[in-house]
Amino acid sequence: MRERILKVLKETDGYISGEKISSMLGISRAAVWKHIKALREEGYEILSVTNKGYRLSAEPENISVDRIKDALDTKRIGRNIVYMSRLDSTNEEAKRRADMSDGTLFIAERQESGKGRLGRQWESPRGGGIWMSLLLKPDMPLGSVSEITLAAGLAVCRAVGCGAMIKWPNDIVVGSRKICGILTEMSAEPDTGSINYVVCGMGVNVNIKSFPEELLVKATSLFIETGEKHDRDMIAARILNEFEPVYELLCRKGFGAIREEYARMCITLDKEVRVIYRKNETTGRAVGIDENGALLVDAKEGRISVSSGEVSVRGMYGYV
Ligand code: ADP
């Protein structure tokens, strides 16, 4: 029915009343209203004026799976794409469909419960960003899975440009504000420790024009940085194209093989940081990243090696 209403709106020059739509399609006016509301949620701009009715004024610029695929030069990553208009979170969808093939990409226009780490929320408005997750089936030790987050960070950084840097371990920032967050989750056999699958979620703020009050100081988007809209399909493809070789290198040789480039792109290094782990907190200077991707911090208690897991790192004077 939604499609039929859309067709009527598209074929009408100017406004058409709710009453007319309801009699044309044989549904109640309340039902018409419900479908109009749903279409708006999908990104259609539909004007409504009392006594005149409805008019379609703009169609959504949706992600195109075909355009992403055409721009890919990967072997496995993103060769299979599951696209959804909206869902709870692309990580959750990937986990539900973990029987799909290695490298499958899940991408959505909008996430209703986008996730950050430690149960935090990730703001994912319709059409505003690239909300995507890769399903991976790597052959690597369990302890190395967190390095996939670092590899993905490097790929996003290369792909978005704009002077983006990595805030260790899982955020990409421009200046002092976050433009992308990465959340890696996995499933493994408790007895053998063999990996069933890994889901690597990336949320990139592309065309978001403004953020809710509480995020203003720590979030930014490509639109905010450049004053222009960007092509989400092309950026998504670029990220996947950058990710595949970095990920392959990581699987074959370990984090050591990408460490130098990661360190060059890492804004956390040579900064005074606060390391927050559950209820504990310490401060020190971030001095390096080791062969396993852990952050080395010269703290008052001596040099500590902070592995990514459930740790948050903050700048001494702000988020970065
Ligand atoms: P943190 O960066 O605070 O350590 P996470 O990496 O888990 O935590 O990211 C989740 C946090 O990111 C949220 O608590 C919120 O402050 C912020 N956030 C939520 N949505 C967005 C977004 N679209 N862009 C940038 N930051 C966001």
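This is a predicted model: local features need pLDDT of at least 70, side-chain atom pairs count only at pLDDT 80 or more; totals for chains, interfaces and linings use all residues.
Colleague: What makes you call α6 mostly covered?

Modeller: Of its 15 residues, 13 are buried. Buried here means under 20% relative accessible area. Just past the helix, Gly-161 has a positive phi of about 60°.

Colleague: Why is Gly-284 called buried?

Modeller: Its relative accessible area is 8%, and the cut-off for buried is under 20%, so Gly-284 counts as buried. Gly-284 sits in strand β11, residues 280-289.

Colleague: Which residues does Gly-284 touch, leaving out those up to four places away in sequence?

Modeller: Lys-271, Glu-272, Val-273, Val-297, Asp-298 and Ala-299. Arg-303 is another residue to look at: it is 19 residues from Gly-284 along the chain, and their C-alpha atoms are separated by 8.8 Å.

Colleague: And Leu-118, why is that one called partly exposed?

Modeller: Leu-118 has a relative accessible area of 44%. Buried would need under 20% and exposed would need over 50%, so 44% falls in between and Leu-118 is partly exposed. You'll find Leu-118 in the loop between β4 (105-111) and β5. Its phi is near 50°, a positive value in a residue other than glycine.

Colleague: Is Asp-270 buried or exposed, and how do you know?

Modeller: Asp-270 has 54% relative accessibility, and the line for exposed is over 50%, so Asp-270 counts as exposed. Asp-270 belongs to the loop between α9 (259-265) and β10 (272-277). Phi is positive for Asp-270 too, near 65°, and Asp-270 is a residue other than glycine.

Colleague: What is the peptide bond from Trp-168 to Pro-169 like?

Modeller: That bond is cis, with omega near -5°. Pro-169 lies in the loop between β6 (165-167) and β7 (171-174).

Colleague: On to the pockets. What volume does the largest pocket have, and how many residues line it?

Modeller: The volume is about 620 Å³, and 35 residues form the lining. Nearest the centre are Gly-116, Gln-121, Trp-122, Glu-123 and Lys-178. Several elements supply at least two lining residues each, among them α5 (90-96), β8 (177-188) and β14 (311-315).

Colleague: What classes of residue make up that lining?

Modeller: Eleven are nonpolar, 14 polar and ten charged.

Colleague: What about the second largest pocket, which residues lie nearest its centre?

Modeller: Glu-61, Arg-126, Gly-127, Gly-128 and Lys-229, out of 21 lining residues. That pocket holds about 490 Å³ of space. Its lining has four nonpolar, six polar and eleven charged residues.

Colleague: Stepping back, how many helices and strands does the chain have?

Modeller: Nine helices and 14 strands. The C-alpha trace spans about 75 × 40 × 35 Å along its principal axes, and 49% of the 320 residues are buried.

Colleague: What share of the contacts links residues 24 or more positions apart?

Modeller: Such pairs account for 60% of the contacts with a separation of 6 or more. As for the surface, the chain exposes about 15,400 Å², and carbon and sulfur atoms supply 47% of that area.

Key
Residues are numbered from 1 along each chain as its sequence is written. Side-chain values use heavy atoms; hydrogens and water are left out. On a 1 Å grid over the protein atoms alone, a cavity is a set of points where a 1.4 Å probe fits but cannot get out, and a pocket is an open set with protein on both sides within 12 Å along at least five of seven lines; lining residues have an atom within 4 Å of a point. Grid points are joined across faces, edges and corners, and a volume is the space filled by probe spheres set on the points. Helices (H or I, at least four residues) and strands (E, at least two) are DSSP runs, numbered from the N terminus. Ala, Val, Leu, Ile, Met, Phe, Trp, Tyr, Cys and Pro count as nonpolar, Asp, Glu, Lys and Arg as charged, and the others, Gly among them, as polar. Buried means under 20% relative accessible area, exposed over 50%, partly exposed in between (1.4 Å probe, protein chains only). Contact means heavy atoms within 4.5 Å. Accessible areas come from the Shrake-Rupley method with a 1.4 Å probe; for residues, only the protein chains shown count as cover.
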